[in-house]
Amino acid sequence: MELPLVVGVDGSESSLRAVDWATDEAVLRGVPLRLVYASLWERYEGAAPAEGLGGSSEQVMADGIVEAAARRAHRRAPEVKVTTDVLPDDAVSVLLNEAHTAAALVVGSRGRSGLAELLLGSVSLTVAGRAACPVIVLRGDQDNQARAGTHRRVVLGVGEGPHATEVTRFAFEEAEVRKAALDAVRAWRCPAYESTDHPLLAGEPARLHEQRAAEILYSALSEAAAEHPAVDLRRRTAEGSARRILLDASEGADLLVVGVRRHHGLAGLQLGRVTHRLLHHSACPVVVVPQRG
């Protein structure tokens, strides 16, 4: 059974654009679409009294929101199977629970709270920092078009370590279904204290850091590259902070894919400073892929 793409909807323009984007993504992947609305009305009013009165105004509104979102998805891609649900919990809890049976979560940049366009809403940020599946956070001015991405370019921020398999595989799959090039980027820096006086780095301290970055890049990509030989892979090392390098790379991209470590037993947002900055300022949608370790 194919796991669905799950979208949290709340009636905001941002969530409706997320429905558009996720519908296109479902077409690309050939998977179903699931639209969920978080509502606490049952918790406070109780299901039985509401049923006896024909449903509360909150229940009617919730049903109307998911039905309108489903009609929007159907108009965009009639072939996609769409299911809906109104769930009695807060938005973060609903989406984190859905993540256990989802191919990915798709969330807008903000909900109905009216936060500034530049900043990411708290629900999207919390879900990206804690979900058990990939979370696609829609950023930039192209956040309602997955299938018709104009740049045909996916960017992968390459980390290191033995837990990077999930993120590289995700990035290759996205590039393949989009028929897009995959730009794999590894940032590197030469610490200021390392000079030509250092006995192990005499003459070329920067070259050794760049070489190490190239080795990490090759090692991280080799397995996924062999599995997806049709993908146009472009490896690139760049000197500078990872935040700056990846934000620059997000310009002119259809998708930016990054991995985050999930440490078992730790609470709170497990994002890291680089990913946190990307989620707030990327010029294109960002995918946060959890990595165990």
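This is a predicted model: local features need pLDDT of at least 70, side-chain atom pairs count only at pLDDT 80 or more; totals for chains, interfaces and linings use all residues.

User: Let's begin with the salt bridges. How many salt bridges are found in the whole structure?

Analyst: A search of the whole structure turns up 15 salt bridges. One of them joins Glu25 to Arg29, with the closest N and O atoms 2.8 Å apart.

User: Where do Glu25 and Arg29 sit relative to each other in helix H1?

Analyst: They are four residues apart in helix H1 (residues 13-29), which means that about one helical turn separates them.

User: And is Glu25 buried or exposed? What about Arg29?

Analyst: Glu25 counts as buried because its relative accessibility is 0%, whereas Arg29, at 24%, counts as partly exposed. The cut-off that matters here is that buried means under 20% relative accessible area.

User: Okay, what does Asp183 pair with?

Analyst: Asp183 forms a salt bridge with Arg153, and the closest N and O atoms of that pair are 2.5 Å apart. Asp183 counts as buried at 11% relative accessibility, and Arg153 counts as buried at 15%.

User: Which residue does Arg169 meet in a salt bridge?

Analyst: The side chain of Arg169 meets that of Glu223, at 3.7 Å from N to O. This pair links distant parts of the chain, since Arg169 belongs to helix H7 and Glu223 to helix H8 (residues 205-227), 54 residues apart. Arg169 is partly exposed, with a relative accessibility of 27%, and Glu223 is partly exposed too, with a relative accessible area of 46%.

User: Which residues are linked in a network of salt bridges?

Analyst: Asp20, Asp24, Arg72 and Arg76 are linked in such a network.

User: Which residues of H7 are buried? And what follows H7?

Analyst: The buried residues of H7 are Val167, Thr168, Phe170, Ala171, Phe172, Glu174, Ala175 and Arg178. After H7 comes Lys179, which has a positive phi, near 55°.

User: New topic: which residues gather in a patch of positive charge on the surface?

Analyst: That patch brings together Arg189, Arg243, Arg273 and Arg277. Arg243 has its place in helix H9 (residues 242-250), and because its relative accessibility is 32%, Arg243 counts as partly exposed.

User: What are the buried residues of H9, then?

Analyst: In H9, the buried residues are Ile245, Leu246, Leu247, Ala249 and Ser250. Just after H9, Gly252 takes a positive phi of about 75°.

User: Last one: where is Ala128 found? And what separation do the C-alpha atoms of Ala128 and Val287 have?

Analyst: Ala128 is found in helix H6 (residues 122-130), and at 0% relative accessibility Ala128 counts as buried. Although Ala128 and Val287 are 159 residues apart along the chain, their C-alpha atoms are separated by 8.6 Å.

Technical notes. Residues are numbered from 1 along each chain as its sequence is written. Side-chain values use heavy atoms; hydrogens and water are left out. Buried means under 20% relative accessible area, exposed over 50%, partly exposed in between (1.4 Å probe, protein chains only). Helices (H or I, at least four residues) and strands (E, at least two) are DSSP runs, numbered from the N terminus. Patches are made of residues with over 30% relative accessible area and no salt bridge: like charges are joined within 9 Å, nonpolar side chains (Val, Leu, Ile, Met, Phe, Trp, Tyr) within 5 Å. Accessible areas come from the Shrake-Rupley method with a 1.4 Å probe; for residues, only the protein chains shown count as cover. A salt bridge is a side-chain nitrogen of Lys or Arg within 4 Å of a carboxyl oxygen of Asp or Glu. Lys and Arg count as positive and Asp and Glu as negative; His and the chain ends are not counted. The place of a charge is taken as NZ of Lys, CZ of Arg, CG of Asp or CD of Glu.
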